[in-house]
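How is the chain below folded, and which residues make up its core? The paragraphs after the display take these points in turn.

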Amino acid sequence: AAIKADPGYENAHANLAMLLDQQRQDVDGAIEVSRAAVEADPRRATVQYNLGILLAERNDHDGAEKAYRAVIEANPKHAMAHTNLGAILADYRNDLDAAEASFHKAIALDPRLHEPHSTLGVIYTRRATWHQQNGDIRRAYECFTRAAQYVADAVALGGDGSLGEQINEAQMRCRLFGMGMGLGDLGA
């Protein structure tokens, strides 16, 4: 009804897509609603962002990348769009330099996001060799540590229970990473 009353009401499109995805488990319907809204007005950053998430769920990484780039074009300060674009660039394009730049942009926009810190740690780990002295190993550890702290802060501020699992995972990454690199138990 809200979309019929005001076809330009972005939140109505975003909410309908979320309802289809989360309540009805109809990802294809959610993608269809989001694409229709984006076709009507490509500047709808919220709908574009949600479309990127839905397409990534469907392993349509080309479509997700396009959606995140459109979000960034419409709203260059959308930190999570930079984060998710960086993940696609790292994981599916193997373009670690572009991914790193995207994560740094996300961190510059919102330093408390744990995702870009953690994934930067993974990038630095992937680049590092066992005997490398260029700082990638320490930078990876620092990223993992910041990610764990930001998740812990979110839980302290009333985040949901899944954040506790993320804390444990981030802290375990710190410990295993440090021991695996011969640096001792860095997460202690």
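What follows goes from the chain as a whole to one helix pair and then to the core.

The model is predicted: local features need pLDDT of at least 70 and side-chain atom pairs pLDDT 80 or more, while totals for chains, interfaces and linings use all residues. Residues are numbered from 1 along each chain as its sequence is written, and side-chain values use heavy atoms, without hydrogens and water.

The chain has ten helices and zero strands, where helices (H or I, at least four residues) and strands (E, at least two) are DSSP runs numbered from the N terminus. Of its 188 residues, 41% are buried, meaning under 20% relative accessible area with a 1.4 Å probe, protein chains only.

Helix 5 (residues 61-74) packs against helix 6 (residues 79-91) at about 150°, with the axes 9 Å apart; axes are lines fitted to C-alpha atoms over the stretch in contact, and angles run from 0 to 180 degrees between N-to-C directions. The two helices are therefore roughly antiparallel (over 145 degrees). Contacts (heavy atoms within 4.5 Å) join residues including Tyr68 and Ile72 of helix 5 to residues including Leu85 and Ile88 of helix 6.

Tyr68 also belongs to the largest nonpolar core, which has 30 residues; such a core is a set of buried Ala, Val, Leu, Ile, Met, Phe, Trp, Tyr and Cys residues joined through side-chain atoms within 4.5 Å. Ile31, Tyr68, Ala99, Leu120 and Ile123 touch the most other members. Helix 4 gives the most to this core, six residues. Beyond its neighbours within four places in sequence, Ile123 contacts Ala90, Leu96, Ala99, Glu100 and Phe103.

Note on methods. Angles under 35 degrees count as roughly parallel, over 145 as roughly antiparallel, 65 to 115 as roughly perpendicular and the rest as oblique. Buried means under 20% relative accessible area, exposed over 50%, partly exposed in between (1.4 Å probe, protein chains only).
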